[in-house]
Structure formats: structure tokens, C-alpha cells
Amino acid sequence: MSVLRWKSFEENEDRPDKPRRYGVTEMRGPHYTLLTQNVLQDIFESMGQFVDGLKFSGGSHSLMSKDFIKEVTNMAHQHDIYVSTGDWAEHLLRRGPSAFREYVEECKNLGFDTIELNVGSLEVPEETLLRFVHLIKSGGLKAKPQFAVKFNKSDIPIVGDRAFGAYIVPRPRSTEFIEDVDLLIRRAERCLEAGADMIMIDADDVCKYTDSLRADIIAKVIGRLGLEKTMFEASNPRTSEWFIKQYGPKVNLYVDHSQVMDLECLRGHNLGKNHASVLGSSYFLF
């Protein structure tokens with residue numbers, strides 16, 4: 001009988017045990033798909049060693065009972081998985097200055113470990129953003145500001161089959177807002193200086209075209225902020241594969257629960273010459 005076991009990585013190798021400072025895999029929780037407590041339990045028991053964090057996307061935790069949230073956070077902690085909020089803090093601003101402090105305290109009571117701040121949705125001055133980071137840290141939780149990278153889609157080259165030398169009608173310039181990447185990085189640096197633990201980069205627009213145009217934006221963000229302090233949202237398996245091929249297994253990624261196993265296999269294939277796969281050798285027992 002053959003028994004297939006997962007390869008265990010030594011502490012001095014590129015894939016350390018949890019808690020990890022790099023190579024973090026944060027998993028999307030209930031939002032786009034319905035994940036019941038039993039489904040999450042199955043995921044944690046089968047793939048928990050590959051999941052570092054669970055994120056309640058899109059403020060989904062605001063629609064769930066407190067008892068259910070506590071059950072999920074307790075279950076995650078049993079598998080050494082931290083739990084993060086999603087986009088929700090911006091909805092508290094209309095309640096007044098004390099609402100955010102109360103929100104931090106409630107998140108702590110529910111078992112959350114990290115609070116994410118969607119900087120684009122908050123639309124607050126930089127000093128107010130830094131004050132929010134301080135409030136989260138003083139409350140005993142981790143802070144994870146999220147920044148969105150945007151660029152003009154009319155800059156994307158037209159792809160597809162065409163005759164050599166054929167004239168292509170240029171695209172009209174769009175009027176969408178273009179993010180100043182240098183300003184974004186400077187604000188992210190200030191958040192890290194204020195105590196933020198991780199910077200989440202929503203670069204979905206950029207990542208869709210990384211192999212054709214804007215990989216330079218990703219390189220600039222990582223070059224300035226560092227690989228350990230930056231996490232990228234990988235909206236599809238192709239994006240995850242691009243990040244692993246470009247930056248190796250140490251890159252931090254936020255993925256859907258359906259991509260966790262594929263992502264870990266990609267990390268294993270890029271651990272070095274001694275790791276052709278995350279699967280260890282098969283043993284034959286008689």
C-alpha cells in the first residue's frame with residue numbers, strides 16, 4: 001500500500017512553519033461564495049497548514065451573528081490562522097469620532113486579529129488615517145491599510161492576431177482617475193512607520209496586464225515597501241502564478257479559498273532545486 005504524505009519543510013528553508021513573516025497566504029472568507037461553518041472546518045482540517053489568514057471580505061461580518069463570527073474566529077485560531085476584517089470601517093465615519101474606537105473594541109471581542117482599512121473608501125486626510133492605525137494598534141490588534149493601484153486602461157496595448165504592419169486605430173484616452181503610485185507608496189510608508197503590520201495592494205487592474213505592460217508598478221511597490229510588508233490580491237490563478245514566478249515563494253498573496261492548494265503547489269515548485277514539488281516521496285508499506 002502506498003501512502004502519500006506532504007513534504008515537511010525545515011525552519012531554515014524558504015517555506016517556514018506558521019506563523020510566517022513572508023510567503024503568507026490569506027484566504028477569502030464568506031462573500032462571493034457561501035462558506036458555512038462546516039465548509040470552513042473542512043478547509044482548515046485539509047489545508048490549514050497552508051492558510052495563514054482568513055478575511056471576511058466586503059464587510060460580510062456585519063451581516064452575520066456575533067455567535068457565528070466567534071465560532072469561526074475560534075475555529076481559525078485552533079489552526080493557527082489569523083482573522084481579518086474586510087472593507088467596513090469607512091461606514092463608521094458618519095457615526096462620529098468615537099465610533100471607530102468602539103469598532104476596534106468590538107472586533108477584538110469577536111476574535112478578529114487584524115483590521116483592514118480601505119484607504120480609497122475612507123477618503124480621510126493622511127493624518128486621520130495614521131490616527132486610525134494608532135487606534136488599532138493601541139487596541140491590541142494588527143493594522144492592514146489597503147491601497148488601490150489604478151492606471152489608464154487606454155495605455156494597454158491591443159493584442160490579438162493582425163497582419164504585420166496593419167494600422168490599428170488608437171484608443172481614445174479615458175478620463176478615469178489615475179493613481180499616483182509614488183504618492184501611494186509614500187502614504188503606505190507612513191502607515192508602516194505608524195505601526196501598520198502589512199500593506200494590502202489591490203492591484204487587480206494592473207495584475208491583469210502584468211505580462212504586457214505594468215509589471216513596473218508592482219516592482220516599484222515591492223522595491224519601496226519590501227516583500228514582507230506587502231500583500232497583493234490575486235484575483236485568479238494566472239495572477240498567482242505570475243507573482244510566484246516573478247518574486248518566488250516569499251510573496252504574500254490574498255486568494256480565494258478555491259486557489260489555496262494550487263498556490264501552495266506553485267510555492268513548492270519554486271522553493272529551489274531540492275524542491276521539485278511540495279509532495280514528498282511515496283512510501284510503500286507491506
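## Helices H2 and H3

The axes of helices H2 and H3 cross at roughly 60° and come within 9 Å. That angle makes H2 oblique to H3. On the H2 side, the contact is made by Lys66, Ile69, Lys70 and Thr73, and on the H3 side by Glu106, Asn109 and Leu110. The model described here is a predicted one.

## Nonpolar cores

In soluble globular proteins, nonpolar side chains tend to be buried together. In this model, the largest nonpolar core has 64 residues. The members that touch the most other members are Phe44, Phe100, Leu117, Phe147, Ile201 and Phe232.

Leaving aside residues up to four places away in sequence, Phe44 touches Met27, Leu54, Met75, Ala76, His79 and Ile81. There is also a second, separate core of 5 residues, with Val24, Met200, Met231 and Tyr254 among them.

## Aromatic pairs

A pair of aromatic rings is described by the distance of the centres and the angle of the planes. Searching the whole structure gives 6 aromatic pairs. One of these is formed by Phe56 and Phe112, with 5.5 Å from centre to centre and 70° between the planes, an edge-to-face arrangement. Phe56 lies in the loop between strand E3 (53-55) and helix H2 (66-78), while Phe112 lies in the loop between helix H3 (98-110) and strand E5 (114-118), so the pair ties together parts that are 56 residues apart in sequence. Both Phe56 and Phe112 are buried.

Trp242 is buried, with a relative accessible area of 13%. Phe243 is buried as well, and its relative accessible area is 0%. Together with Phe232 and Tyr247, Trp242 and Phe243 form one aromatic cluster.

## Lysines over rings

Two tyrosine rings have a lysine over the face. Lys55 lies over Tyr254, at 4.4 Å from the ring centre. Tyr254 is also one of the residues of the second core. Lys250 lies over the face of Tyr22, and here the distance from the ring centre is 4.9 Å.

How values were computed: Residues numbered from 1 in each chain as written. Predicted model: local features only at pLDDT ≥ 70, side-chain atom pairs only at ≥ 80, totals over all residues. Heavy atoms only, no water. Core = buried A, V, L, I, M, F, W, Y, C linked by side-chain atoms within 4.5 Å. Buried < 20%, exposed > 50% of the residue type's maximum accessible area, 1.4 Å probe, protein only. Contact = heavy atoms within 4.5 Å. Phe/Tyr/Trp six-rings, centres within 6.5 Å; stacked < 30°, edge-to-face > 60°. Helix = DSSP H or I, 4+ residues; strand = E, 2+ residues; numbered from the N terminus. Lys NZ or Arg CZ within 6 Å of the ring centre and 35° of its normal. Axes fitted to C-alpha atoms, helices over the stretch in contact; angles between N-to-C directions. Parallel < 35°, antiparallel > 145°, perpendicular 65-115°, else oblique.
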